[in-house]
Amino acid sequence: MENPKICHILRLEDGRLMVYLWLRLLLLAGKCNDDGHIYVTKKLPYTIEALSEKLGIGQELCKKTLKVFKELDMIKINKTSILIKGWLHHQNTVGLCEIREYNRLAKRRSRAKQRLEKSVIDMSRTSQECQGTDIDIEKDIDKEREKEMYKEKDASVKPSPSAPKKHRYGAYANVLLSDDEYNELRLRFPDSFSERIERFSEAVERKGYRYRSHYLAIIDWARREDGEPSPQCAAEDSFLGLLREL
């Protein structure tokens with residue numbers, strides 16, 4: 001059964017509906033937090049039936065929506081997931097990495113707590129059989145609890161890891177790149193990555209440009225030089241074209 005709120009939206013222009021459904025797909029990708037992939041689980045992809053129910057629309061409209069987004073080169077449909085193209089331009093990747101790392105640490109603490117509780121139970125059973133070791137067991141339990149308290153305290157103070165360390169490059173040492181970003185530029189521009197870094201460094205020094213990510217800025221500069229629009233701009237232009245035709 002379709003959501004009554006969605007039914008109201010269906011009475012509006014198709015263009016506005018497509019924008020709304022695109023935002024819903026971005027939210028689903030954000031919940032999966034896996035570089036733009038959308039799935040139920042990593043081994044269980046969405047079916048048309050499941051996705052249409054999740055979006056609150058009919059199956060035919062769901063198929064039409066995915067077809068339009070695919071033709072606009074905004075998504076890629078794989079066997080195991082739906083991939084949002086240009087995901088780096090839609091999200092704060094550093095923040096998402098921190099969330100993944102925080103969840104990983106939270107699971108580690110949960111497993112440690114479960115092991116501690118199991119060890120306490122095992123020690124209690126052993127103490128019933130060996131009355132002479134009660135005092136030693138209680139001391140061990142207190143030590144384990146104390147260690148766990150310190151771990152929880154440290155985790156609460158620093159719940160997320162720091163961002164990857166960035167190094168300075170360029171003639172003016174004003175281009176900030178992590179090791180992974182530097183290596184990615186070498187692979188992407190094997191014959192010109194040094195020249196591109198130097199030109200970017202000189203431009204930042206001359207005009208005082210400010211970017212949140214120098215890595216993404218260098219890639220965008222390269223796209224503009226080659227006459228290729230960024231994925232986000234291409235998607236927006238495609239949407240504007242679609243809206244003009246509707």
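Predicted model: local features only at pLDDT ≥ 70, side-chain atom pairs only at ≥ 80, totals over all residues.
Local features need pLDDT of at least 70 and side-chain atom pairs count only at pLDDT 80 or more, while totals for chains, interfaces and linings use all residues. Residues are numbered from 1 along each chain as its sequence is written, and side-chain values use heavy atoms, with hydrogens and water left out. Helices (H or I, at least four residues) and strands (E, at least two) are DSSP runs, numbered from the N terminus.

**Aromatic pairs**

- A search of the whole structure finds 7 aromatic pairs; rings of Phe, Tyr and Trp (its six-membered ring) pair if their centres lie within 6.5 Å, and planes under 30 degrees apart count as stacked, over 60 as edge-to-face and the rest as tilted.
- The pair of Y169 and Y182 is stacked, because the ring centres are 4.6 Å apart and the planes are at 10°.
- Y169 belongs to strand β4 (residues 166–169) and Y182 to helix α7 (residues 179–188), so this pair ties together parts that are 13 residues apart in sequence.
- Y182 also forms an edge-to-face pair with F193, at 5.7 Å centre to centre and 80° between the planes.
- F193 counts as buried at 14% relative accessibility, where buried means under 20% relative accessible area, exposed over 50% and partly exposed in between (1.4 Å probe, protein chains only).
- F200, Y209, Y211 and W221 are linked into a cluster by ring pairs.

**Charge over a ring**

- R196 lies over the face of F189, 4.4 Å from the ring centre; the criterion is NZ of Lys or CZ of Arg within 6 Å of the ring centre and within 35 degrees of the ring normal.

- In helix α3 (residues 48–55) the buried residues are L51, S52 and L55.
- Seen down the axis of α3, these residues fall within an arc of 100°, so they line one face of the helix; the arc is that of the directions from the helix axis to the C-beta atoms.
- α3 packs against helix α4 (residues 59–71) at an angle of about 95°, with the axes 9 Å apart; axes are lines fitted to C-alpha atoms, for helices over the stretch in contact, and angles run from 0 to 180 degrees between N-to-C directions.
- α3 and α4 are therefore roughly perpendicular (65 to 115 degrees, with under 35 roughly parallel, over 145 roughly antiparallel and the rest oblique).
- I48, E49, L51 and S52 of α3 meet Q59, C62, K63 and L66 of α4, contact being heavy atoms within 4.5 Å.

**Helices α8 and α9**

- α8 and helix α9 (residues 214–225) pack at about 105°, with their axes 11 Å apart, and are therefore roughly perpendicular to each other.
- R196, I197, R199, F200 and A203 of α8 make the contact with H214, A217, I218, W221, A222 and E225 of α9.

**Two further buried residues**

- E181, in helix α7, is buried with a relative accessible area of 16%.
- Not counting residues up to four places away in sequence, E181 touches K166, L176, S213 and Y215.
- Y39 sits in the loop between β1 (37–38) and α3 and counts as buried at 11% relative accessibility.
- Leaving aside neighbours within four places in sequence, Y39 is in contact with C32, D34, L44, P45, Y46, T80 and S81.
- The C-alpha atoms of Y39 and A29 are separated by 8.1 Å, and the two residues are 10 residues apart along the chain.
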